[in-house]
Amino acid sequence: MIKQAAYAVEPWCVRERQLDLDTIAQSESVFALSNGHIGLRGNLDEGEPHGLPGTYLNSVYELRPLPYAEAGYGYPESGQTIINVTNGKLIRLLVNDEPFDVRYGELRSHERLLDLRAGTLTRKAEWTSPAGDSVRVTSVRLVSLVQRAVAAVCYEVEAVDQPVRIVVQSELVANEALPSSGTGTDPRGSADLESPLVAEESGADKETVVMVHRIRRSGLRVGAAMGHEIESPDGTVSTDIAGDVGRVTVATRLEPGQRLRIVKYLTYGWSSQRSRSAVHDQVIAALAGAKLSGWDGLVAEQREYLDDFWDGADVEVDGDAEVQQAVRFALFHVLQAGARGERRPIPAKGLTGPGYDGHTFWDTESFVLPVLTYTQPRAARDALRWRHSTLDHATERAAQLGIRGAAFPWRTIQGEECSGYWPAGTAAFHIGADIADAVIRYLEATEDEDFAADVGLELLVQTARLWRSLGHHDAKGNFRIDGVTGPDEYSALADNNVYTNLMAEQNMRAAADVAERHPAQAERLGVTEEEMASWRDAAADMLIPYDERLQVHPQSEGFTDHAPWDFESTRPDQYPLLLHFPYFDIYRKQVVKQADLVLAMHLRGDAFTAEQKARNFAYYEALTVRDSSLSACTQSVMAAETGHLDLAHDYLGEAALMDLGDLEHNTRDGLHIASLAGTWTALVAGLGGMRVRQGRLGFRPRLPSGITRLAFRMRFRGRRLKVTVTSGTVVYELLGGKPLKITHNGEPVRLDGGAVSRDVPAVPARPSPSQPPGREPRRRGDR
C-alpha cells in the first residue's frame, strides 16, 4: 500500500510536524518553491536523504531521440526533457565531525512549514548526533517573486547543551546523481538523462562562486552563482571549486545558546544565444541586486507581492477546513507556476518536478490560465505571448501535415511537437481552439486591445485557418471536422467531437470579430473579407451531433452506438485503464477517461439547454472513470450547475486534495498544476456560478450542505470584486475600480462601491447520477 504524507489542516500554511522518509518525495513536490523562472523542489538542505533532487529553470531542457518501432511521415524525431540544473540548495552541516543526517543519531523534532502568505518554506529541527552532541537547525528558503533570478536561504545553527565545533559547507553542484524515475511505461513520468551539463566556466572570489555550463545536445547555456553573508563567533571561511562542485566552508565553535547564521543568495540565468561571459555577468549582477536588498528586504518584498495577490484572489470556505487549506495551497502554486515566467510556458507540473518531462499541454490554456486571467492577468498574458512566440513552429508543423494555419504541439517545452504517439498527440487538434479560448477569455476580462492587435489576433487567425482547412462541408451543407481526438484520451480519431467542433466554432467567430476590430493588423496577416466570411460560414454550419434516441449529445459522432465498457469486470487495481488494457480495446468502447462532452458544457454552455445539460451530465457520469486529474474539477462545475450540489462538493474535494492527499500516487513527480487550478474553478465557476457571456460577468451562486459560506475575490477589467455566498444570500462588493454591471441569476446588478445583496434561491432536488462501480468520488461527508 502506498503511504500518504500527513499535513496539519491550517488555513494559511501547509505544516509537516514530523519527517517521514517513506513520503519524502511527495513532500518535496508539496514544499517546492518557484516563481515561474526558477523552481526548487523541497529537498532537505543537506541534500540527503532525498526522494528526487530537483532544481529547474523554465524552458531549460535536453534533447533526446524519440525511437519508433515503425517510423512514419510527420513523426517527431526528437523529444525535449527538463533537466536538473546546478543545485544551489545544498548546505551540509557537520557537528564535531558528524554529518547532520536525519537517518543517524536522534532526530528529536522536525517540522517544515510552507507559509502561503509569506511565500517561504521554514524548517526547524533538533538533532543529537551519534556522539551525543545536540544542535538546533533553522532554515528559511524563498524563491523571489520580485527579483526573478533570485532565490535565498537563511540557515542558522544553535548549540543546545554543550560546546560544539560546527562546519557548514554551502555548495553549488552540477550533474548531481539522480535516482531512476522508475516510471517505466507510464507516460506521465520522465526520461532519465546522464550528466547533461558540460562545464564552460567556474570561478570563486571570497564567499562567491559562479558556474556556467552548456547543455550537451540542446546547446543552451546556464549560469548559476551563490554568495553569502555570514554572522558567527570567530571562525574561518574558505572557498574551493573542484570539477562540478563549488563550495564555501565555514568553521566555528559555538557555546550553548550561540548561533551561526548564514544567508545564502542564489541566482540563475540561461540563454540560447548569449555568450558565456554575458550569462556569467547576468548571474553576478542578479547576485548584487539580491545582496542590495538583503535577506530582510527579500522577505519584505515577497510578503508585499503576495499581499497584493491575495487581495484580488483569496477564497474563503467555511464548513470544509481541508478545502479551505487546499484552495489557498492551489492558488499559491498556480501563482508560482506563472508569476515570473515572462513569455515562457507553464508546464503541467510547474517547476515542482520532472513529471511529463517538464512539458506544457493544453492544460495551461484550459485550466491554469482561467485562474490567472481573473487573479493575476499579467501572468496569463505572458503565457499567451509565449504561445505566440512559437507560431513559426506551429505553422511549419501544419504545413508538414498538409493543412493551413497553425498546428500547435500536444506536448512541448520549446514549441516543437514532442509527442511520439500521434493518435493522442497530433490528432488532438483541439489545443488550437483551447489557445484561442484563452485569448478570448483574456480579452473579455481585461479589454487589452494592444494585446489583441499585437498577439491575440494572430493566434486567433492562424488557429481559425487551421479549422477551415481541417474541416469540410459535406453534401448536406454541414461543416465537419473528422478524424480528431478530443479531450477524452480514451477515444481517438473520432468524427465531429462535440467539444472540438464547438470550440472551433467559437474560434472562427472570434477570429473574424477581432480582425474586424483591427483591420490594419488583419491586412498585415493577409486576412481578407472573403476569408472572414468563410470562417463565419463554417461556424454557422458546424455539425453538432445529437442522439435523438437517447436524447443526449454523443461525445463524438457514433459514440453512443459503441459497446459499453465492462465496468463490472474491471478490478479497482486495473485503474488507470491505460496501464492495464490496450488502447485498441479502450478506443472502441464507451468509457471516458476525463470530462470531454461535460467540459464542452462548461466552456460552451451557451450551446446547450438546461435540460440537455442535465441529461448529458447524468449519461456521462456513468461512463467517466477519472483516470486523469483534469476531470474532477469540471465534473464539479457541471454537477453544481445541474443541481447536484453535494456531488459537486465531492468532486471539489478530489480536485483540491489531488496532491496534498497524493490521490493518484504520483505527486512525487511534481504537482498537478491544472488540478490545483481546477480547485478554484470548482469553487468560483461551480459553486459561485461565475460565467462571462458576451463580455458580461455573471453569477448563479449555490452552496452544498457541507459548506456554509463561500467568499472569493477576483479581478475583472481593472476592478477588484468580492462575492460572498451563504445559504440564502449573496453579497457583491466592488473593492476597487470604476462601477461595473454584472448579472445575478440573469438579472442585471450595478456595483458602484457599496455592497449589493441578492437572494439565492433554493436548488430543486434531482436524482443523483451514478458513476462506474468503484469510481465514485469520496463523499465529503465521510471525511
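**View 1. Overall dimensions of the predicted chain.** The radius of gyration, taken over C-alpha atoms, is 27 Å, which agrees with the value near 28 Å that a compact globule of 783 residues would have, the globule rule being 2.2 Å times the number of residues to the power 0.38. Along the principal axes, the C-alpha atoms fill a box of roughly 85 × 60 × 55 Å. The model is predicted, so that local features need pLDDT of at least 70 and side-chain atom pairs count only at pLDDT 80 or more, while totals for chains, interfaces and linings use all residues. Residues are numbered from 1 along each chain as its sequence is written, and side-chain values use heavy atoms, with hydrogens and water left out.

**View 2. Secondary structure and burial.** The chain comes to 17 helices and 33 strands, assigned as DSSP runs (helices H or I, at least four residues; strands E, at least two) and numbered from the N terminus. Of its 783 residues, 63% count as buried, meaning under 20% relative accessible area with a 1.4 Å probe, protein chains only.

**View 3. Helix α5 and its surroundings.** Helix α5, residues 377-389, has 13 residues and reaches 18 Å from its first C-alpha to its last, close to the 18 Å expected at 1.5 Å a residue, where the expected span is 1.5 Å times one less than the number of residues. Its buried residues are A379, A380, D382, A383, L384, R385, W386, R387 and H388. These buried residues of α5 pack against α3 (321-338), α4 (363-375), α6 (391-400), α7 (430-446) and α8 (449-470), contact meaning heavy atoms within 4.5 Å.

How values were computed:
Buried means under 20% relative accessible area, exposed over 50%, partly exposed in between (1.4 Å probe, protein chains only).
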